[in-house]
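My entries follow in the order in which I looked things up.

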Amino acid sequence: MKAFAYLSHGQAGWIEKESPAPTGFDGVIRPLLVSPCTSDVHNVAIDCLAPHRILGHEGLGEIVAVGDQVRDFQVGEIVVVPPVTPDWRTIPSQLGAHQHCAGLITGQKLSNSEDGLMAEYALIRDLDANAARIPPGVSREAAVMAADMLNTGLYGAQLADVQPGDTVVVMGIGPVGLMAIAGARLRGAGRIIAIGSRPAGMALAQAYGATDLVNYKEGDVERQVYQLTHKQGADCCICAGGGPEALGQAVAMVRWGGTVGNVNYFTTYGDLPINNVRYGFGMGNKTIRGGECPGGRARMEKLLALIQYDRVDPVPLITHRFRGLAQVEDAFRLMAQKPPELVKTIVDLSL
Ligand code: NDP
Ligand code: ZN
């Protein structure tokens, strides 16, 4: 089969690979709709994948084959899968840490340690436990945007422990940051201060519930947040963009006892400047929690319920649509370039 994969030395491109065949609990889908993630772009750029690893962990498809242990799904059904499709039979999974089922951040198998969805066929581990049907009233595009973007944005709000009435800062207004804004609103946030610069993101940030917009290119964001909050700082901050320095700023701009929830994936390493004592706040008595979005069927079904019952609509995230497997490359390259009008791309493979 044909597939779009990591090659080597920061390059992605087309490969031929044998089509997967399911055994046991696994299934094989024919991907019908896929969306490249910023993490795909990062993973290629930093050479952290095995050569010829097929990219893509946001998508849905038609089941074309099932292993002999699959009970709940049949060939011909359309299912959506989250990026995190863990091994549910491990001790970390039993301890509630399925994102780390075989060691730190090993739950996201698709496009990391197992082949992803940007291909003619894709193997889905433990289909009964990891795939979800799309409920009535939920479009296929919405289901794909729920898998990673709504999932991770909402998780950022959960990690930041957003409470009713809180003043929340959301660092980054890419698709994840925008869904973090929606997630903060769903959890009852009062004021939501969104930080970013791209015009498409700014407009959507307000639509999803941001009450204030701060442009990090127009001055010190800590100072701007402290001015907006009359020197109190925010109750919590969700980090969904920027480098290590943004995490330091997030820590500095939450009040004493505040919480930072980080879902950002840093491509550069180095010291995290979290000991920032500007404005007399520093990291004392603050909580920093970070992580990989949850996965599995139950999480996916909860995310789909948020859309089915009109709590949130992630489809406006999609600014660029492509058609046919060959255009996966265009969609991927656009996600790497990040022009000002871009939020998220999607590719229809059903033709
Ligand atoms: P984007 O690159 O589309 O958006 C990043 C946002 O951060 C943009 O709004 C950008 O600004 C803003 N930004 C950049 N630099 C700064 C800065 N110094 N201070 C404040 N804001 C800044 O990314 P995505 O929304 O697609 O993803 C966000 C992050 O989440 C990525 O690192 C991604 O890999 C990660 N991720 C993590 C997952 C998880 O499970 N933990 C899952 C999926 C994604 P501008 O408006 O100027 O572009
Ligand atoms: Zn992702």
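I began with strand β8, residues 168–171, and found that β8 and β9 pair in the parallel sense over four bridges, where strands (E, at least two residues) and helices (H or I, at least four) are DSSP runs numbered from the N terminus, and two strands pair if DSSP finds at least two bridges between them. Within this pair, Val170 stands opposite Ala194 in β9.

I note that this is a predicted model, in which local features need pLDDT of at least 70 and side-chain atom pairs count only at pLDDT 80 or more, while totals for chains, interfaces and linings use all residues. Residues are numbered from 1 along each chain as its sequence is written, chains are lettered from A and ligands numbered from 1 in the order in which they are written, and side-chain values use heavy atoms, with hydrogens and water left out.

I then followed the whole sheet, which is open, has six strands in the order β10-β9-β8-β11-β12-β13, and shows parallel pairing. Its edge strands, β10 (212–215) and β13 (287–290), each pair on one side only.

Helix α6 (residues 199–208) lies across β9 and β10 and runs at about 155° to β10, whereas α4 lies across β11 (234–239), β12 (254–262) and β13, at about 155° to β12.

Which residues are closest to ligand 1? I found 29 residues around ligand 1 (near means a heavy atom within 4 Å), the closest being Thr38, Ser197, Arg198, Tyr216 and Asn264. The elements α1 (38–45), α4 (140–159), α5 (175–186) and β9 (192–196) each supply at least two residues of this shell, and α1 gives the most, with three.

Last, I looked up polar contacts, here pairs of N or O atoms within 3.5 Å. An oxygen atom of ligand 1 is 2.8 Å from a polar backbone atom of Arg198, and a nitrogen atom of the ligand is 3.1 Å from a polar backbone atom of Val263. For Lys338, a polar side-chain atom lies 3.0 Å from an oxygen atom of ligand 1.

Methods: A polar contact is a pair of N or O atoms within 3.5 Å; within protein, one must be able to donate a hydrogen and the other to accept it, and residues adjacent in sequence count only if both atoms are side-chain atoms. Contact means heavy atoms within 4.5 Å. Axes are lines fitted to C-alpha atoms, for helices over the stretch in contact, and angles run from 0 to 180 degrees between N-to-C directions.
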